[in-house]
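Please open the model in your viewer and keep the selection panel at hand. The tour below moves from one selection to the next and says what is found at each stop.

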Amino acid sequence: DRLECAPAGRPNLYPPLYHLALCGLHQAGLDWITAAKAVSVAIVPLFCLVFYLIFSRLARPSFGFFVVLLILSSYGFVNGLINNVPAACVLMLWALSVFLFTRGKYPVAALPAALCFYVHPFLGYPVWAILLAWGLWTRKTRGLWYLLSLVLAAPFIAHQARYLPYVSFLPVGENSLVELKIGEILLAAAGMVWAVRRRERCPVLLLFWLVLVASVALMFFSGYRYRFLVTQGFLPVLLFAAYALDVFLEHCPERRKQWLILGAAFVFFFLASPTLVVSGGRPKFIAGDSFFINSLKF
């Protein structure tokens, strides 16, 4: 818990915001292990609450419900939230920036995008690029407000650039594990097809496409294939799958059938969520692989 314990002369290239938050909890009286555990416990409900509140306003409350349901159904995605809290915080800041931008609060929307650089050493860059491209695409010159994010993040970007020779990408053992969520992937494919056939050009769907393209690109060009295929990068698949479920619900006018759809979706994803797991080159089908079911096992 002391910087003097670090190797002498070695610069700290990890952004400080998350560690400052842990220090705040420690100063409040928690020991370091308890502080870290408290954050790991709180991050999942906080993440779901933020995404529900934002996406239920950007679209419909039912869409927000499906987003949260699909997040909680994915064992790998939830584990990614717990084990990589800074990346989870970046995703929440991204969603907050999107919400503020759609409400016309352009300078304020640049602030969460700038904070991403101070939370995670890598994700701030693709998040900022996605937001800038989306802002220019949907609001033209208004999107230039995201250049303010770079100005605010410039001190830490300069710090990283100065010590760039210390940065390296090593092989990651987690890449030997692949979890393919069958229901979510099929629904996401349907959602993408529906979005194209319905020629919907709403800002939120355009954003989903950009995030999907970025996740696929980063999966191939970074050393973190697992994280962009199963955990953080799986977010656009969950969003398109939620869109497909919401479209299906929208085309069902009868109230009783709508409740049946909601109930069936809850039972299938929260209690089942079948998955094809490939570990060490060996595929294995798991019928009940939701976060809730796997948590009961332990």
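## The enclosed space

By class, the residues that line the largest cavity are 12 nonpolar, three polar and no charged ones, where Ala, Val, Leu, Ile, Met, Phe, Trp, Tyr, Cys and Pro count as nonpolar, Asp, Glu, Lys and Arg as charged, and the others, Gly among them, as polar. Before going further, note that this is a predicted model, in which local features need pLDDT of at least 70 and side-chain atom pairs count only at pLDDT 80 or more, while totals for chains, interfaces and linings use all residues. Residues are numbered from 1 along each chain as its sequence is written, and side-chain values use heavy atoms, with hydrogens and water left out.

Select Leu-91, Val-127, Ile-130, Val-211 and Ser-215, which among the 15 lining residues are the closest to the centre of the largest cavity. A cavity is, on a 1 Å grid over the protein atoms alone, a set of points where a 1.4 Å probe fits but cannot get out, and lining residues have an atom within 4 Å of a point. About 180 Å³ of space lies in this cavity, a volume being the space filled by probe spheres set on the points, with grid points joined across faces, edges and corners. Now colour H5, helix H7 (124–139), helix H10 (203–221) and helix H12 (235–250), each of which supplies at least two residues of the lining; H10 gives the most, with four residues. Helices (H or I, at least four residues) and strands (E, at least two) are DSSP runs, numbered from the N terminus.

## The open pocket

Next, select His-120, Pro-121, Phe-122, Val-167 and Phe-169, which of the 19 lining residues lie nearest the centre of the largest pocket. A pocket is an open set of grid points with protein on both sides within 12 Å along at least five of seven lines. About 550 Å³ of space lies in this pocket, and its lining has 13 nonpolar, five polar and one charged residues. The largest share of that lining, three residues, comes from H8.

Stay on helix H8 and select Gln-160, which lies in it. Gln-160 is buried, with a relative accessible area of 12%; buried means under 20% relative accessible area, exposed over 50%, and partly exposed in between (1.4 Å probe, protein chains only). Leaving aside residues up to four places away in sequence, Gln-160 touches Leu-13, Pro-121 and Tyr-125, contact meaning heavy atoms within 4.5 Å.

## The nonpolar core

Which residues have the most contacts inside the largest nonpolar core? Select Phe-47, Phe-51, Phe-55, Ile-71, Phe-77, Trp-94 and Tyr-146 to show them, within a core of 85 residues. Helix H5 (residues 85–102) gives the most to this core, with 13 residues. Such a core is a set of buried Ala, Val, Leu, Ile, Met, Phe, Trp, Tyr and Cys residues joined through side-chain atoms within 4.5 Å. Centre the view on Phe-55, whose contacts beyond four places in sequence include Trp-94, Phe-208 and Leu-239.

## Two loops

Finally, select Lys-140 in the loop between H7 and H8, and then Ser-273 in the loop between helix H13 (255–271) and strand E2 (275–279). Lys-140 has a positive phi of about 55° although it is not a glycine, and Ser-273 likewise has a positive phi of about 55° without being a glycine. Lys-140 counts as exposed at 61% relative accessibility, whereas Ser-273 is buried at 0%.
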